[in-house]
Amino acid sequence: MRFFESLAIGVSMYSKIPMPRVEWNEKNMKYAMCFFPLVGVVTGILEVILGNALLAFFAGVMTLLPVLVNGGIHMDGFLDTMDALNSYGSREKKLEILKDSRTGAFAVIGFGLYLVASLALWSEAEPEMLPV
């Protein structure tokens, strides 16, 4: 039973995939990290399935799906990092920016660049290049 509780915690922590509610105690969370790669596998499988089903919209689906499945948690970290790295402040100021919940101009620019680069990359993909 602890296996499924750790699985539910691991998947629900880094995705929007509905999971049964379990108690987040120390015993249940002990092995939750083991299931983090499963979120990536599920995201990849969804990309292959939806990418093939919606081949006309393939580049858009491949660009948005990781953000939608993971609830933007990785994008949030990327945007915070963009803000901090592009500031001209001291190390302490950069660490303060990382903790700040507000979105800065460099985060918005970084998000736009990410979307354009990802869309450009996926638009060059051919159906023969896909694993399925």
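Mentor: Helices here are DSSP runs of H or I with at least four residues, numbered from the N terminus. The model is predicted, so local features need pLDDT of at least 70 and side-chain atom pairs count only at pLDDT 80 or more, while totals for chains, interfaces and linings use all residues. Residues are numbered from 1 along each chain as its sequence is written, and side-chain values use heavy atoms, leaving out hydrogens and water.

Trainee: Where is the place of Ser87?

Mentor: Ser87 is in the loop between helix 5 (73-85) and helix 6 (91-99).

Trainee: Why does Ser87 count as buried?

Mentor: Buried means under 20% relative accessible area, exposed over 50%, and partly exposed in between, with a 1.4 Å probe and protein chains only. Ser87 has 14% relative accessibility and therefore counts as buried. Leaving aside neighbours within four places in sequence, Ser87 is in contact (heavy atoms within 4.5 Å) with Lys94 and Ile97.

Trainee: Why does Phe57 count as exposed?

Mentor: Phe57 has 58% relative accessibility, so it counts as exposed. Phe57 is in the loop between helix 3 and helix 4.

Trainee: Which residues of helix 4 are buried, and what covers them?

Mentor: The buried residues of helix 4 are Phe58, Ala59, Val61, Met62, Thr63, Leu65 and Val69. Their cover includes helix 3 (36-53) and helix 7 (105-123).

Note on methods. Helices (H or I, at least four residues) and strands (E, at least two) are DSSP runs, numbered from the N terminus.
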